[in-house]
Amino acid sequence: MKGQAQATATDNRMAASMAQQVRHHPRRHAAVRTDEYLYSQLIPYIGNKRKLLPLIAQAIAKTGIEDGTFVDLTTGTTVVARLAKTLGFRVLANDWEPYSYEIALGTVTLNEPPAFASIGGANKVFARLNTLDPMDGYIARHLCPVDDENPDPERERMFFTRANGGRIDAIREQIERWDRAGRLSAEERAYIFASLVYAVSYVSNTSGVFKGFHHGWGGKTSTALYRILSRLTLRPPVLLDNGQDNVSTREDVQQLASRLPDVIGERPDIAYLDPPYNQHPYGSNYHVLNTVVLWDKPPLNPSILVDGKKHDKSAIRRDWRTERRSPYNHENQALSALQSLVASIEARWLLVSYSTDGNIPLMDLLGTLAARGHLDMVANSYKRYRVSTPRMSPKSHNVEFVAVVDLDAPPSPDRVEPIARAILTREAKALSQAEEINAGQLSLV
Ligand SMILES: C[S@@+](CC[C@H](N)C(=O)[O-])C[C@H]1O[C@@H](n2cnc3c(N)ncnc32)[C@H](O)[C@@H]1O
């Protein structure tokens, strides 16, 4: 998590300089450093593209589009939408997870901090929320031990210290009171939520996903104790003004794809798709973030032990185990979902991030894209992402690539085989070298 919470200086420099090199936008915010905006308060997230921003900037540059409209169809942390903003694009950021939508509204749609006129300004709002006394509310009672010094992981959930759980409750109840009194606009609420969701992730006693928690603060190694035991504090999100009317939506991408011109008033120049690659459903993995945003307080027994048996240890809302199940999480549904999205999408260019160990076989993926237009690609090889324990796959590296499709050009089935070969050659090379390769990038013209 520490690694995720702090992008390396090299990554920051590469993406920021990429943003600077590609084009200059006259209204790009001078007061905020581009990389400060890009990496500010990004939640740790499976499949996030923080490290791949230089590759994505390269894919965007291949389109030759400048100052157009960019749609991030599955925005997650919003880091790619933020990159597009720094490049001067007008941006639509979409994701069907509520926490992601709030982050997008609070950090991508907004160009400057909202006024918070009825509460006396942003400084007052954040100062008030950071000085509330902790309270014994839903989070403290259900997701925290009674005594931080003597937790009992056999009976108690340990997602947060009781002290921080009480702070989350106090902050969230205060937001609710302001909201009910009509003192917050949707943008103002989202600006606070973007900060709260990050702070909640930061102090959580997890490895970044909320399917489980460490037994004992910080787990066996206790390496993350510095953040888990730190006092939850909200910081106002860093924003960047691209001088554009940016938009955020919370829709199923399968429905949204064909309606993009209706939603933003024009056919977008670039639509970027970064679907889930594997079986991990986001709604379950980040259920606590959704609960904090929605304040739905799903009914739970405060103790994990009921009649001597363990129940609802992960506290995942029952309906979320089936609701918002993405077809991209399933090997037998992912390809047909991609086919229908690609067939219906209304955009000038389509960019798709995928990897060689995703649910959709490489040839099928490339074939689907080439059927809609001229196919191109940029690729790089990476160490495989591991949530906490090594997965069973023997592969230590995979290739992450961005397919670039010119949707106004004729289909290009003859491009599939050479592009697939280039990707697989790169993977074989990375596996044989068995070391992280970040430098050389491959591009088929
Ligand atoms: C690989 S993650 C995107 C990561 C993102 N590019 C980033 O860098 O943070 C995939 C995202 O797709 C979203 N998603 C999955 N299925 C979806 C659907 N049918 N409609 C909208 N969003 C969906 C998930 O909620 C998740 O945030």
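Trainee: Which residues does V306 touch, not counting residues up to four places away in sequence?
Mentor: V306 touches N301 and H311. Touching here is contact, where two residues have their C-beta atoms, placed from the backbone, within 7 Å. Keep in mind that this is a predicted model, where local features need pLDDT of at least 70, side-chain atom pairs count only at pLDDT 80 or more, and totals for chains, interfaces and linings use all residues. Residues are numbered from 1 along each chain as its sequence is written.

Trainee: OK, and where is V306 placed?
Mentor: V306 sits in strand 5, residues 305-306. Strands (E, at least two residues) and helices (H or I, at least four) are DSSP runs, numbered from the N terminus.

Trainee: Is V306 buried or exposed?
Mentor: V306 counts as exposed, because there are 11 C-beta neighbours inside 10 Å. A residue is buried if 20 or more other C-beta atoms lie within 10 Å of its own, exposed if 12 or fewer, and partly exposed in between, with C-beta atoms placed from the backbone.

Trainee: What separates the C-alpha atoms of V306 and R155?
Mentor: They are separated by 8.9 Å, though the two residues are 151 residues apart along the chain.

Trainee: Switching to helices, how many are in the chain?
Mentor: The chain has 18 helices, along with 10 strands.

Trainee: What about helix 18, which of its residues are buried?
Mentor: Those are V416, I419, I423, R426, E427 and A430. Looking down the axis of helix 18, the buried residues fall within an arc of 110°, so they line one face of the helix. That arc is taken from the directions from the helix axis to the C-beta atoms.

Trainee: Why would residues three or four places apart point the same way?
Mentor: An α-helix has 3.6 residues a turn, so residues with that spacing point the same way.

Trainee: And what does the face of helix 18 turned away from its buried side carry?
Mentor: That face carries the exposed residues R421, T425, S432 and Q433.

Trainee: Last topic, the ligand. Which residues come nearest?
Mentor: G47, T74, G76, T77 and S326 do, out of the 23 residues around the ligand. A residue is near a molecule if its C-beta atom, placed from the backbone, lies within 6 Å of it.

Trainee: Which helices each supply at least two residues of that shell?
Mentor: Helix 5 (79-86) and helix 12 (253-256).
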